[in-house]
Amino acid sequence: MFGGLKEKLQAVRDRLGSSIQASAAPQATAAAETVAGTAPKKTISPAGPTFSEKVKVLITDRELIVSEKDISDALSELEMTLLTSDVALPVTDAIIAHVRANLIGKHRKIGQSVDALVVGALKSALLEVLGTGFSLVEFIKAHDRPVKILFTGVNGTGKTTTVAKIGAYLKKQGFSVVIGAGDTYRAGATEQISVHAERIGIKIIQHQEGADPSAVLFDSVQYAVSHKLDVVLADTAGRFHTKSNLMNQLEKIRRVMKPDLVVYVDEAVAGNDAVIRAAEFDRTVGADAIVLTKADMDSRGGAAISIAHTIGKPLMFLGTGQRYEDIIPFEPAKVVDELLGSDS
Amino acid sequence: MQQMDQRELMTLQHYMKEYGQQAEIFVGQLEMLENGRMEALAAIESLEAMLSADDAVVLLQIGGGASVRAKVLEPDKILLSIGAEVVVERPNKEAVEFLKERIMEMEASQKKVAETLDRLRSQMNEINKRLESGYQQASAAGQDQE
């Protein structure tokens, strides 16, 4: 997962580290000259600490200060790396600004690992844009039962399979679940979800093809209430936000079933398109959390990095394969560790 | 072998249908990747030819099968879409390098999708075998009843 981005980020990490390391040598030489009484008269860096400040800190505190000049090339490389990995421009800007603010003017003890400094800055920048994540289990525990979860999104992104996967995940976590087959529009969708439900051993509520999805999902909620179930997973037909009739139908579904959580599902491989679509969907019907499918096929990771920061809603799960267990809760710290390696 | 009932046969048919739909999606992705790869290869060829040609004249397709000869004003300044809807200006050779990297990325993705597709197909073969044996059992049971 995100192998290409991981490789590129590791290269940028090395580049940043060696740039800072390389800047230490001239400082040390200049410091020796200063001690000998040949202090330079003018500063050389307009951004960040002045040359004389750097030398002073080096002599009195045995520390080095990182300046803009030391890392500007490596930051440009980081910017290109993120953009070519389809990380949205505002997110790229936010990451660069965070790394810059974190590194420039930073005092580094002589002998302290440069790598730790760089990795720390990159990690905190990524964590800032990835947000806090979203624990579905905690959400369910904190709400009155049944917790009603509505799944929306465009066509062909793996919404129905995601509903089944999340059903299997919640069942494994000890929750009782019912699935509402609200995709009555697509031919074969009801059959598809009922096969999934049978395989994972979850009750499904379904009507005939072409029936009103609001009615199906209302019945699903009633079933959950009368059987004291924990969670209702409501599948719906895929739709583009530009189709007003389907969007009105979704509005009706929302009115009738009153979901506690609206989940937008899209595919990670769509890259920046997924981010743009999610923003449009959030604007028109609203979304509380995101699931990205096919993350195992995505080597760039642009959508996963950008989506939470761009639309301000957390990423909840990543779909990573064909099997029911191939869905992982999105935990920002784990993803960042995976991308940059654990602390050195 | 245990006798397969009608319900199991129907479930297997559903599996086949579902796997078939998934396979279609992956085939579509493979086609998209291949188109992207071919497009990038063609772009590299054009960029290299533009540099080596003295007059930098290219054949510009304007739609409807019509083309015109056009002179490229700055054959060494390429506007390149690098991702995230960002376009940057790059020297010709750097643009070629970028496209070559993209091709490698696409080939790696193609390999991954093809592996998944192979796995799906082998699962479909398994289901198909079980379905065929189920049909044979059902037909044999029907003849016995006659």
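Predicted model: local features only at pLDDT ≥ 70, side-chain atom pairs only at ≥ 80, totals over all residues.
How many residues of chain A are in contact with how many residues of chain B? I started there and found 18 residues of chain A touching 16 of chain B, with contact meaning that the C-beta atoms, placed from the backbone, lie within 7 Å.

Residues run from 1 along each chain as its sequence is written, while chains are lettered from A and ligands numbered from 1 in the order in which they are written.

Next I looked up what chain A brings to chain B. Helix 3 (68–84), helix 4 (89–103) and helix 8 (189–200) of chain A each give two or more residues. Helix 8 of chain A has the largest share, three residues. By class, I got six nonpolar, 10 polar and two charged residues on that side (Ala, Val, Leu, Ile, Met, Phe, Trp, Tyr, Cys and Pro are nonpolar, Asp, Glu, Lys and Arg charged, the others, Gly among them, polar).

Then I turned to chain B. I read its order as α-β-β-β-β-α, from DSSP runs (helices are H or I, at least four residues; strands are E, at least two; numbering is from the N terminus). Its radius of gyration is 26 Å, well over the 15 Å of the globule rule for 146 residues, so chain B is more spread out than a compact globule. That radius is taken over C-alpha atoms, and the rule is 2.2 Å times the number of residues to the power 0.38. I also noted spans of about 85 × 30 × 25 Å for the C-alpha trace of chain B along its principal axes.

Conventions. Contact = placed C-beta atoms within 7 Å.
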